[in-house]
Amino acid sequence: MKALRVLRSFNSSLSSNPSKTHFNSSILHHFYSAQPQEDHPTTLEEDDTSSSVFDSSQYDVVGSENNVSSSTWDEKYRERVKSKVFGEDPLEIKRSSRILIKEEEKRRRAALLARTLLEAAIARPDEEEEDKEDMVVKEKDQMSLSVGIIGAPNAGKSSLTNYMVGTKVSAVSRKTNTTTHEVLGVMTKGKTQICFFDTPGLMLKKSGFPHKDIKARIESAWRSIDLYDVLIVIFDAHRHLTKPDSRVVRLIERMGSEANPKQKRLLCINKVDLIEKKKDLLKVAEEFKDLPGYERCFTISGLKGAGVKDLTKFLMEQALKRPWDEDPLIMSEEVMKNISLEVVREKLLHYIHQEIPYGIDHRLMDWKELRDGSLRIEQHLITHKISQRKILVGKNGSKIGRIGIEANEELRTIFKRNVHLVLMVRVKS
Ligand SMILES: Nc1nc2c(ncn2[C@@H]2O[C@H](COP(=O)(O)OP(=O)(O)OP(=O)(O)O)[C@@H](O)[C@H]2O)c(=O)[nH]1
């Protein structure tokens with residue numbers, strides 16, 4: 001659960017959808033590789049276009065697992081040099097070094113946190129389930145439930161799913177409005193599996209009816225929602241109080257009025273943590289509580305978790321005797337993508353003792369499953385300054401090479417398959 005909230009913070013990096021981001025071959029024109037090689041002369045002109053590439057195919061990455069070196073950063077030594085050689089004020093040095101130490105500690109903690117979360121992300125969804133890890137649920141005993149989540153953009157669909165599904169969720173980077181069914185996440189607890197689906201494409205005009213221009217797609221989206229055992233209609237209560245959107249109210253009303261007898265519909269009044277005054281919350285609850293067509297109404301904070309336990313419990317109770325749809329041990333591709341970014345980021349934090357890892361734009365540019373089952377993952381590290389790029393690359397590419405080798409090996413272990421990691425460091429053009 002915790003992991004997902006952090007993984008979400010990497011959403012921004014993922015949101016640069018690889019399919020939309022075209023790999024610019026011209027930036028390959030001048031590069032020096034992380035592979036040991038002769039010093040490459042770097043002129044300013046060249047730096048503008050050059051990039052530095054780690055390509056795991058040029059390394060024998062297997063076996064480099066324990067190759068993690070620790071920091072050789074010595075603060076006392078640095079202080080002495082500053083005062084003796086550069087004549088800086090020792091008090092000032094002490095002050096700035098205290099800040100540096102704090103920063104370093106922050107980074108160390110961040111790296112540690114990243115590692116813990118990563119481990120959690122690939123572990124079982126719930127700690128309580130750990131002892132049941134090897135439990136195989138026979139098909140005849142399996143219970144499942146499909147849940148569609150519908151709501152306006154930003155209503156909090158992903159956050160709620162993330163919270164419920166915990167570590168097994170995709171920290172979604174969705175192709176909005178391109179598919180009708182998209183798995184937001186899968187929660188498997190004991191015998192029960194709940195699949196959460198997003199329902200993009202359900203757009204309403206001010207009148208409360210679907211747009212005509214993209215009618216076919218919208219109609220199919222509306223039909224598809226009948227397939228779910230449970231439909232959650234979610235809306236942002238805070239926004240409703242501050243800036244009501246009539247389309248959302250119509251959507252809620254329409255969903256209720258068209259209830260399908262085979263489906264349970266739930267209303268989730270979300271983002272209640274943002275509502276300061278209890279009377280405001282009561283006002284919203286009052287407005288929606290008796291809407292026909294809804295089995296239950298939950299007031300929740302999908303982000304902070306308020307009320308989510310009750311909702312999850314309710315959903316678990318609705319599960320039907322039906323084989324699971326998803327193999328609970330399979331990681332979704334989105335989770336894998338996030339993990340790949342996370343692993344590289346963690347190595348960056350470990351090796352670059354400066355602000356750079358926070359300042360760089362770290363993007364997943366390409367993700368391909370190759371015919372032999374291996375994964376080709378290309379990530380770009382885009383710096384603002386040439387000097388930052390140089391630090392990231394290291395002498396003759398040694399730094400990015402080390403980061404790449406270790407990240408590649410770690411990803412290979414996590415994904416249990418060969419990984420071809422390509423890291424390119426370039427300056428923002
Ligand atoms: N304070 C607060 N913020 C929330 C809550 N749920 C979601 N948010 C925030 O609202 C924004 C949108 O949340 P998402 O979960 O991405 O919403 P969504 O419905 O999946 O959005 P789309 O992908 O556009 O459909 C994010 O910034 C969330 O952090 C909540 O319960 N409380």
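Predicted model: local features only at pLDDT ≥ 70, side-chain atom pairs only at ≥ 80, totals over all residues.

Me: Is K271 buried, exposed or partly exposed? And N396?
Reply: K271 counts as partly exposed, at 21% relative accessibility. N396 counts as partly exposed too, at 24%.

Me: Let's look at another helix pair. How do α6 and α11 sit relative to each other?
Reply: Their axes come within 10 Å and cross at roughly 75°. The two helices are therefore roughly perpendicular to each other. L160, Y163 and M164 of α6 make the contact with V308, L311, T312 and L315 of α11.

Me: How many residues of α6 are buried?
Reply: Nine of the nine residues of α6 (residues 157–165) are buried, so this helix is largely enclosed by the rest of the structure. Among the buried residues are K157, S158, N162 and V165.

Me: OK, switching to strands. What's around β6?
Reply: β6 pairs with strand β3 (residues 143–150) in the parallel sense, over four bridges. β6 also pairs in the parallel sense with strand β7 (residues 264–270), over seven bridges.

Me: Can you give me some partners to click on? Which residue is the bridge partner of G148? And what does V230 stand opposite?
Reply: The bridge partner of G148 is L231 in β6. V230 stands opposite K264 in β7.

Me: How do the side chains of β6 point?
Reply: V230, I232, I234 and D236 point one way, while L231, V233 and F235 point the other way.

Me: Which side is buried, then?
Reply: The residues pointing either way are all buried. With seven of its seven residues buried, β6 is largely enclosed by the rest of the structure.

Me: Now rings! How many aromatic pairs are there?
Reply: The structure holds three aromatic pairs. One of them is F197 with Y228, and it is stacked because the ring centres are 5.2 Å apart and the planes are at 25°.

Me: What does that pair tie together?
Reply: F197 lies in strand β5 (residues 192–198) and Y228 in the loop between α7 (215–224) and β6 (230–236), so the pair ties together parts that are 31 residues apart in sequence. F197 is buried, with a relative accessible area of 13%, and Y228 is buried at 3%.

Me: What kind of pair do F298 and F314 form?
Reply: That pair is edge-to-face, with 5.8 Å centre to centre and 65° between the planes. F298 lies in strand β8 (residues 296–299) and F314 in helix α11 (residues 308–318), so parts 16 residues apart in sequence are tied together. F298 is buried at 5% relative accessible area, and F314 is buried at 7%.

Me: Last topic. What does D366 touch with its side chain?
Reply: A polar contact of 2.9 Å joins the side chains of D366 and K368. D366 is in strand β10 (residues 361–369).

Me: And Q379, buried or exposed?
Reply: Q379 counts as buried, at 0% relative accessibility. You'll find Q379 in strand β11 (residues 375–383). Its contacts include S340, H362, M365 and L423.

Definitions and conventions: Residues numbered from 1 in each chain as written. Heavy atoms only, no water. Phe/Tyr/Trp six-rings, centres within 6.5 Å; stacked < 30°, edge-to-face > 60°. Buried < 20%, exposed > 50% of the residue type's maximum accessible area, 1.4 Å probe, protein only. Pairing = 2+ DSSP bridges. Polar contact = N/O pair within 3.5 Å; in protein donor to acceptor, adjacent residues only side chain to side chain. Contact = heavy atoms within 4.5 Å. Axes fitted to C-alpha atoms, helices over the stretch in contact; angles between N-to-C directions. Parallel < 35°, antiparallel > 145°, perpendicular 65-115°, else oblique. Lists of a residue's contacts leave out its neighbours within four places in sequence.
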